[in-house]
Amino acid sequence: QTFTLPTIPRASSVSCSTADIGSNATISISRASSSFTHTLTYSFGSLSGTIATKTSSTNISWTIPTTFYGQIPNSKSGTGTITCQTYNGSTLIGSKSTSFTATVSESASKPTLSPSVSDSNSTTTALTGDSSKFIKYYSNASVATGAQARNSATLKSQKITCGAKSITSASGTINAVESGSFTFSATDSRGYTTTKTVKKTLIDYIKLTCSLNAGAPTTDGVATLKISGNYWDGTFGALANTLTVQYRYKAQGGSYGSWTTVS
């Protein structure tokens with residue numbers, strides 16, 4: 001004779017792929033009978049919810065909620081649980097659970113930077129006529145990272161570097177800059193770091209030097225003076241650099257006379 005075998009009341013097993021928060025994970029269900037349906041729920045930290053109710057599908061695409069970010073502000077990934085309840089019609093056969101991993105994408109979550117740089121030295125800005133230009137050794141750079149943490153993370157460290165000088169804060173002043181390249185970085189509570197380099201025009205100024213070599217005066221009272229040194233022969237932008245050379249002298253035990261300009 002022919003007869004139908006009864007359906008074995010066995011709960012289905014479930015698995016879930018790893019995925020970034022905000023992206024799709026695939027939930028796979030292995031069932032004993034094609035007539036079984038399943039209700040899927042999740043828990044992650046203090047969050048819980050329903051993914052599907054009495055679905056007949058065995059492959060479900062699930063978008064991991066962005067609310068998960070708030071559960072792992074200091075971690076790059078977290079583990080949750082998916083519970084699968086198996087139904088035969090309206091009868092609950094049983095349930096099984098599986099763990100899943102939700103990851104935080106670096107590209108979607110690392111800090112953002114909006115760096116700013118300007119010369120705060122009124123003397124040098126008067127020479128250049130432009131606070132975005134810098135004079136080597138004399139300009140003072142007012143800098144700020146403009147950093148923002150994302151997706152529930154917090155900023156843990158910030159750094160601004162110019163040549164051999166740096167500050168470890170969100171903003172400040174780097175005095176007497178020697179480079180036109182400024183590097184900004186910020187690291188968040190998950191350990192993700194963003195770095196940006198801003199390049200500014202640097203006038204390669206040469207510090208003024210001067211030395212004097214005075215020969216012994218002749219019997220006629222004539223002394224030969226040799227003045228040497230270095231100066232920057234160029235324009236700052238608003239003003240050009242100029243050089244004035246002067247000398248003065250005094251007799252031993254006397255007082256200096258007035259300055260005399262030489263070419």
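**Cys162 and beyond**

Tutor: Let's start with Cys162, which is buried, because its relative accessible area is 3% and the cut-off for buried is under 20%. Keep in mind that this is a predicted model.

Student: Which strand does Cys162 lie in?

Tutor: Cys162 lies in strand β12, which covers residues 155–162.

Student: And what is Cys162 in contact with, leaving aside its neighbours within four places in sequence?

Tutor: Ile174, Val177, Ser179, Ser181 and Phe182.

Student: How many residues apart are Cys162 and Thr197 along the chain?

Tutor: They are 35 residues apart along the chain, and their C-alpha atoms are separated by 9.8 Å.

Student: OK, zoom out. How many helices and strands are there in the protein?

Tutor: The protein has 2 helices and 21 strands. Its radius of gyration is 37 Å, well over the 18 Å that the globule rule gives for 263 residues, so the protein is more spread out than a compact globule.

Student: What does the C-alpha trace span along its principal axes?

Tutor: About 145 × 30 × 25 Å.

Student: What share of the residues is buried?

Tutor: Of the 263 residues, 31% are buried. The accessible surface comes to about 15100 Å². Carbon and sulfur atoms account for 46% of that surface.

Student: What about contacts between residues 24 or more positions apart?

Tutor: Such pairs make up 59% of the contacts with a separation of 6 or more.

Student: And charges? How many positive and negative?

Tutor: There are 20 positive and 9 negative charges.

Student: New topic: rings. How many aromatic pairs does a search of the whole structure find?

Tutor: It finds 12 aromatic pairs. One of them joins Trp62 and Phe68, and that pair is edge-to-face. The centres are 6.2 Å apart, with 70 degrees between the planes.

Student: Are Trp62 and Phe68 buried or exposed?

Tutor: Trp62 is buried, with a relative accessible area of 7%. Phe68 is buried too, at 0%.

Student: Which aromatic pair do Trp62 and Phe100 form?

Tutor: An edge-to-face one. It is 5.4 Å centre to centre, with 80 degrees between the planes. Trp62 lies in strand β6 (residues 59–63) and Phe100 in strand β8 (residues 91–103), so the pair ties together parts that are 38 residues apart in sequence.

Student: Is Phe100 buried or exposed?

Tutor: Phe100 counts as buried, at 2% relative accessibility.

Student: Which residues do ring pairs link into a cluster?

Tutor: Tyr42, Phe44, Trp62, Phe68 and Phe100.

Student: Let's switch to the backbone. What is the phi of Lys54?

Tutor: Lys54 has a positive phi of about 45 degrees, although it is not a glycine.

Student: Why flag that?

Tutor: Because most residues other than glycine have a negative phi.

Student: Where does Lys54 lie?

Tutor: In strand β5, residues 47–55. Lys54 is partly exposed, with a relative accessible area of 39%.

Student: And what about the phi of Ala176?

Tutor: Ala176 has a positive phi as well, about 50 degrees, and it is not a glycine. Ala176 is found in the loop between β14 (171–174) and β15 (181–188). It counts as partly exposed because its relative accessibility is 23% and buried means under 20%.

Student: What is His38 in contact with, leaving aside its neighbours within four places in sequence?

Tutor: Its contacts include Lys54, along with Ser12, Ile29, Arg31, Ala52 and Thr53. Thr55, Cys84, Gln85 and Thr86 are also among them.

Student: And Thr37: which strand, and is it buried or exposed?

Tutor: Thr37 lies in strand β4. It is buried, with a relative accessible area of 17%.

Student: What is Thr37 in contact with, again leaving aside neighbours within four places in sequence?

Tutor: Lys54, Thr55, Ser56, Gln85, Thr86, Tyr87 and Gly89.

Terms used:
Residues numbered from 1 in each chain as written. Predicted model: local features only at pLDDT ≥ 70, side-chain atom pairs only at ≥ 80, totals over all residues. Heavy atoms only, no water. Contact = heavy atoms within 4.5 Å. Helix = DSSP H or I, 4+ residues; strand = E, 2+ residues; numbered from the N terminus. Rg over C-alpha atoms; globule rule 2.2 N^0.38 Å. Buried < 20%, exposed > 50% of the residue type's maximum accessible area, 1.4 Å probe, protein only. Areas by Shrake-Rupley, 256 points an atom, 1.4 Å probe, with all protein chains shown as cover. Lys, Arg positive; Asp, Glu negative; His and termini not counted. Charge placed at Lys NZ, Arg CZ, Asp CG, Glu CD. Phe/Tyr/Trp six-rings, centres within 6.5 Å; stacked < 30°, edge-to-face > 60°.
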